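The sequence and structure are shown below.

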Amino acid sequence: MDLQCYRNFIAIVEEGSLTAASQRLHIAQPALSNQLKAMEREYGASLLIRGARRVSLTDGGRILFEKAKHMVALEASAKKEVLDCARGVAGTLRLGITFSNSVSFLDGMLLEYQRKNPQVKYQLYETETSKILDLLRRGIVEIGIARSPFQASSELEFLQERPEHFVAVFRKGDDWFSGRKGPIPIAALAQVPLCIIRRFEPMFSLACQRSSFTPNLVCVNTQLASSILWVREGLAVAVVPRSSFQYLGDDSLACLPIDEPMLETSRAIITVKGRYLSAVAQAFLKVCLTSLKLEDTP
């Protein structure tokens, strides 16, 4: 099946009708309709339900729609990689990055790379770790940047930074910890309203459980900004990795280290084992390896 057929099928689904798709693609509607019928014969199944105003996907059509988007994306990726190879360090760098890494990573390593390679363009996918791993497997991104804990996979390679510990972030002047100045035990958080990023919550709750208390989690979220909003209003204390606090740049906030060995995380650069990396991705990976203290993990 010609890939153009899949592009046309995607257009029909996205536009909701053959008429609108034919206008978008500049293809006569009868030709588009015949092409759709040929696809249905090829797959031996009905792909669309034709309604009075819009078409909708059958179960089989929904499967094909997702696979078609994947195939088209892989073709575009292959073209970019070939061009990158021919042109050297030029082209598009496709990165998946978690919300908790976004600001610190963009402000540091990515901007450093851009200054040295101003001809490079970027496609950034800022999302959750599980979705970044999926984007890597599907070839939509070449490199992922995420924080542990994450599920290990034999098909992925993790280059992991040295672990860092967590801190309790609070508004200056709020006496949550009775004037403490140094590291606090996790038990000091027992009566405090807390915010935490969702992916860290199981690890944190287990550490609290081992210290014989259940944490008062008033907000579990996916983005650091949500936790900090509660902190700035004096409603809660945020439990975050130390580097996340360092990049906030907010003089109204303070933090105390949490003295708990279980609470640690590390940033990782993730690639797919054995998969070709474009010239721009290879160059970026070299910057990561020289700028970060990375350790290979199984």
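## Helices H1 and H3

Gln4, Cys5, Tyr6, Asn8, Phe9 and Ile12 of H1 meet Leu32, Gln35, Leu36, Met39 and Tyr43 of H3, where contact means heavy atoms within 4.5 Å. By class, this contact of H1 with H3 comprises eight nonpolar, three polar and no charged residues. Here Ala, Val, Leu, Ile, Met, Phe, Trp, Tyr, Cys and Pro count as nonpolar, Asp, Glu, Lys and Arg as charged, and the others, Gly among them, as polar. Helices (H or I, at least four residues) and strands (E, at least two) are DSSP runs, numbered from the N terminus.

The model is a predicted one, in which local features need pLDDT of at least 70 and side-chain atom pairs count only at pLDDT 80 or more, while totals for chains, interfaces and linings use all residues. Residues are numbered from 1 along each chain as its sequence is written, and side-chain values use heavy atoms, with hydrogens and water left out.

The axes of helix H1 (residues 3-15) and H3 come within 10 Å and cross at roughly 110°. Axes are lines fitted to C-alpha atoms, for helices over the stretch in contact, and angles run from 0 to 180 degrees between N-to-C directions. H1 and H3 are therefore roughly perpendicular to each other, a class that covers 65 to 115 degrees.

## Helices H2 and H3

For helix H2 (residues 18-25) and helix H3 (residues 29-43), the axes come within 9 Å and cross at roughly 110°. H2 and H3 are therefore roughly perpendicular to each other. Leu18, Thr19, Ala21, Ser22 and Leu25 of H2 make the contact with Gln29, Leu32, Ser33 and Leu36 of H3. This contact of H2 with H3 has five nonpolar, four polar and no charged residues.

Ser17 lies in the loop between H1 and H2. With a relative accessible area of 18%, Ser17 is buried; buried means under 20% relative accessible area, exposed over 50%, and partly exposed in between (1.4 Å probe, protein chains only). Not counting residues up to four places away in sequence, Ser17 touches Ile12, Arg53 and Val55.

His26 is found in the loop between H2 and H3. His26 counts as exposed, at 73% relative accessibility, and has a positive phi of about 60° although it is not a glycine. Most residues other than glycine have a negative phi.

## Helix H8 and its surroundings

Leu224, Ser227, Ile228 and Val231 are buried in helix H8 (residues 224-232). Seen down the axis of H8, these buried residues fall within an arc of 95°, so they line one face of the helix; the arc is that of the directions from the helix axis to the C-beta atoms. On the other side of H8, Ala225 and Leu229 are exposed.

The buried residues of H8 pack against several elements, including strand E7 (164-171), strand E10 (216-221) and helix H9 (242-246). Just after H8, Gly234 takes a positive phi of about 75°.

Ser212 is found in the loop between helix H7 (201-210) and E10. Phi of Ser212 is near 70°, a positive value in a residue other than glycine, and Ser212 counts as exposed at 69% relative accessibility.

Ile269 lies in strand E14 (residues 267-272) and counts as buried at 1% relative accessibility. Ile269 and Gly51 are 218 residues apart in sequence and 47 Å apart in space, C-alpha to C-alpha.

Conventions. Parallel < 35°, antiparallel > 145°, perpendicular 65-115°, else oblique.
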